[in-house]
Amino acid sequence: MPRVRRFRWLRSLLLSLSILIVGVLAAGWFLLAGSRAKLDGEVAVQGLGDTTSIARDALGSATIDGKSRDDVTFALGYVHAQERFFPMDLMRRVAAGELAELVGAAAVDTDIEHRRHRLRATAQAALAQLSPEDRHTLELYAAGVNRGLADLRVKPWEYFLLGAQPQPWKPEDSFLVIGAMYLDLNGDGRNQRELSFAQMRSALPSPLVDFLLAPDPEWEAPLSGDLSHPPVIPGADVFNLRDKPVASSSDAAALVALAPALDEPRPGSNNFAVAGRLTESGAAILANDMHLGLRVPDIWFRARLRYADPAAPNGRRDASGVTLPGTPALVAGSNGQVAWGFTNSYGDWLDWVRVLRDPKDAARYQVPDGVDSIETHEETIRIKGAAPRTIKVESTRWGPILAQDTDGTPLALAWIGDLPRAYNLGVMKLEHAASVNAALDLAPAMGMPPQNLLAADSAGNIGWTITGNSIPLRSGVDPLLPADWSKPGTGWQGWAMPAQYPRIENPADGRLWTANNRTVDGTALALLGEGGHDLGARAQQIRDGLRTRSSFSPGNLLDIQLDHRALLLVRWQRLLQDTLAGTTDPTLAQLRQLTASWRGRAAADSVDYRLVRAFRDKVHEAVLAPFAEEVTGRYKDFTWPRPSHTEAAVWALVRDRPIHLLDARYADWNALLQDAARQVADELGKPPGGLAARTWGEYNRTAIRHPLSRALPSFAGRWLDMPDEPLPGDDNMPRVARPGFGASERLDVMPGHEAGSILELPGGQSDNPLSPYYGAGHEDWVNGRPTPLLPGPDQHVLTLRPARKA
């Protein structure tokens, strides 16, 4: 081929490739740009009572101004769909077990697990029993969502990537979003924790199990009642590890069983409040940071809702805070008179029921009307790109059959999340509460996962109670073990009445706090149950932080939310130093040197924190492994109960060092501790840089990603994700931060003084990468900079007008 002709061919090829690349980029830009939310102009819509505006500030905070809450509800649905339809769709699909239809076979196992709860049928039943007013609210919201979706120039960009069409929003779907929160906050509706309890009690002596799972009074910080009793180390006559065969190395199954309980982040939150007598204005202040898995965009959506309300000051309601896209509610925030926020209560809302299938005892399966209470439902799971799968779900009067007891008996799961009664719009009434007392009165009627509700009002009052209209009254059963409920008077015998709900208003010292810890004792604790309360170190640190001051502003409460002092690890640092005293091993000597100067903070640049934390983890693992081995030897699927804390038992053992509860592979307790230190040195001392380079921030990074970023080439995925940055904070301190997990919002609000209040959110407002609000406000959250609660000046205003009737 002549040289000139060859170069012409090459130029033509390069030109064609350039045109193709430009075309692909242009098409991609067009699709992304076309699915951006409409920010300005006017839209005529059916179903609106009067003109309603949607204004946005520099962060994309939506101020929705209407004549009625109905119009605001429609407009909120509209803006949620325009900015967040895909995340909303994911939440309803996760709860309903319909995710594989959208994303393919990778989601089948999750769909099967969730479909067994039949939450779509639950949502439909919950919708059917709503009052006409509440049903109208969900219908209006759904209408707003569907109009907002239709008004996008093209469908949300995620559906082009997935080759799918977005499906219309139904009123019942808002309850599926609440169902997704039930799954997230109640252990995915599996109750694996109580199955693990049963396995432990089958394989180990009860006094030993009681000891291993004991709460730690040293770290508790209840709102009322006494501390727990110190754990009692069982004697050698109860259990003696020295009699067990010596294994050549740690049992891999035991380590797998332990790993989730020792290192798995769990949904939770902090909330705390100070009374008005501790503030300059006389208004109380509320702080709330809800800990959840983090993503792009954030689960919450900033909004200010303004509408006519005769009960509000000046006849106009003005409420600001965070909404949950998929629902019409302001979940946490302030209405100008009362501020409110939530933390997960970790009460016991799930129980296993033994189901006996003996045909001769058929009466056990009869409900009062004589219909057999075991029903079989066929559930079809549609799978993108594959044939559908049909599963059979067996349901009893107590719930679906999901597991087996240790003796093989089928187990049905009684879970409030499966009950239609546990879903309603009661949380929306908080927008109209005029006082703390009125807000707390609403809690027992709310259809939502039971939460710690903390409220503060403009008159200076503060209060706490538990939300949820489905707190079961148990009778004749151990709530932590599977039981036969077929006998009259056993199992769940109705629901707690409002007078039975624990409640605290205006405590003497003017301070309240919850952080997923045990809050009460006695009969109140017996009512709520123990569903895996937090150790308490976080709550204790918040409580003590509140007690160091006598005067507060919202910024002072933010300082407590950002507190990353590692108080729990102080004793572990001393133990590590003592363990390595006099060592002649150069590597262990370096480990001791690097942890000798103890800053005591989970700072991003801290080496000492990371090393001491790793030492604690290794000690926990080594101490508990032989007990886990005993259980995994009998039950291969065993996992250590979680959420659960092991600090009390492990610290008691390394402190008192009973030889009979030491793994027989170690000569003495110091050998176990030195081996744990050696493992830290070996695992973290590798290049680059060795131990001295192992900062906490090297591990603890933001890792806040878009749900689809992993499905794209790395350069595109990084464009969708938030910048991956080192973060301070960890478990067991107020600033909870782990990769992809942490404070999904930080709210510090003084009702009646919202202009000086704070709201930080990670991940931004919009899910469209070309939106000016993609990631907006995220850097403030990363750096703990106060972001104002109230929106700033309007940058865009979209007006919705009622369509003229034909």
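Q: What share of the 806 residues counts as buried?
A: In this predicted model, 58% of the 806 residues of the protein count as buried.

Q: And the overall dimensions, what do they look like along the principal axes?
A: The C-alpha trace spans about 90 × 85 × 65 Å along its principal axes. The radius of gyration is 28 Å, which agrees with the value near 28 Å that a compact globule of 806 residues would have.

Q: How many helices and strands are there?
A: The protein has 23 helices and 25 strands. Among contacts between residues at least 6 apart in sequence, 74% join residues at least 24 apart.

Q: Which residues touch the most other members in the largest nonpolar core?
A: That core has 152 residues, and Ile54, Phe175, Trp300 and Leu800 are the ones that touch the most other members. Helix 2 gives the most to this core, with 14 residues. Apart from it lies another core, of 61 residues, among them Met200, Phe627, Ala649 and Leu653.

Q: What is Trp300 in contact with, leaving aside its neighbours within four places in sequence?
A: With those neighbours left aside, the contacts of Trp300 include Arg84, Met290, Leu292, Val322, Val331, Ser744, Glu745, Leu761 and Gln765.

Q: Switching to Leu208, where is it, and is it buried or exposed?
A: Leu208 is placed in helix 10, residues 206-212, and it counts as buried because its relative accessibility is 0%. Not counting residues up to four places away in sequence, Leu208 touches Pro234, Val238, Phe239, Phe627 and Leu661.

Q: Where in the chain is Lys155, and what else is it in contact with?
A: Lys155 is in the loop between helix 6 (132-150) and helix 7 (157-162). Leaving aside neighbours within four places in sequence, Lys155 is in contact with Ser35, Phe160, Ala164, Gln165 and Pro166.

Q: Which residues of helix 4 are buried, and what covers them?
A: In helix 4, residues 108-115, the buried residues are Val108, Asp111, Ile112, His114 and Arg115. What covers the buried residues of helix 4 includes helix 2 (69-96), helix 3 (100-103), helix 8 (173-185), strand 11 (375-383) and strand 12 (386-395).

Q: Helix 8 again, so what about Ser174?
A: Ser174 lies in helix 8 and is buried, with a relative accessible area of 1%. Beyond its neighbours within four places in sequence, Ser174 is in contact with Leu138, Tyr141, Trp169, Gly326, Thr327 and Pro328.

Q: Which residues have a positive phi without being a glycine?
A: Asn516 has a phi of about 65°, and Asn732 has a phi of about 60°. Asn516 lies in the loop between strand 20 (511-514) and helix 13 (522-528) and counts as buried at 2% relative accessibility. Asn732 is in the loop between helix 22 (714-720) and strand 21 (737-738) and counts as buried at 17% relative accessibility.

Key:
Residues numbered from 1 in each chain as written. Predicted model: local features only at pLDDT ≥ 70, side-chain atom pairs only at ≥ 80, totals over all residues. Heavy atoms only, no water. Helix = DSSP H or I, 4+ residues; strand = E, 2+ residues; numbered from the N terminus. Contact = heavy atoms within 4.5 Å. Buried < 20%, exposed > 50% of the residue type's maximum accessible area, 1.4 Å probe, protein only. Core = buried A, V, L, I, M, F, W, Y, C linked by side-chain atoms within 4.5 Å. Rg over C-alpha atoms; globule rule 2.2 N^0.38 Å.
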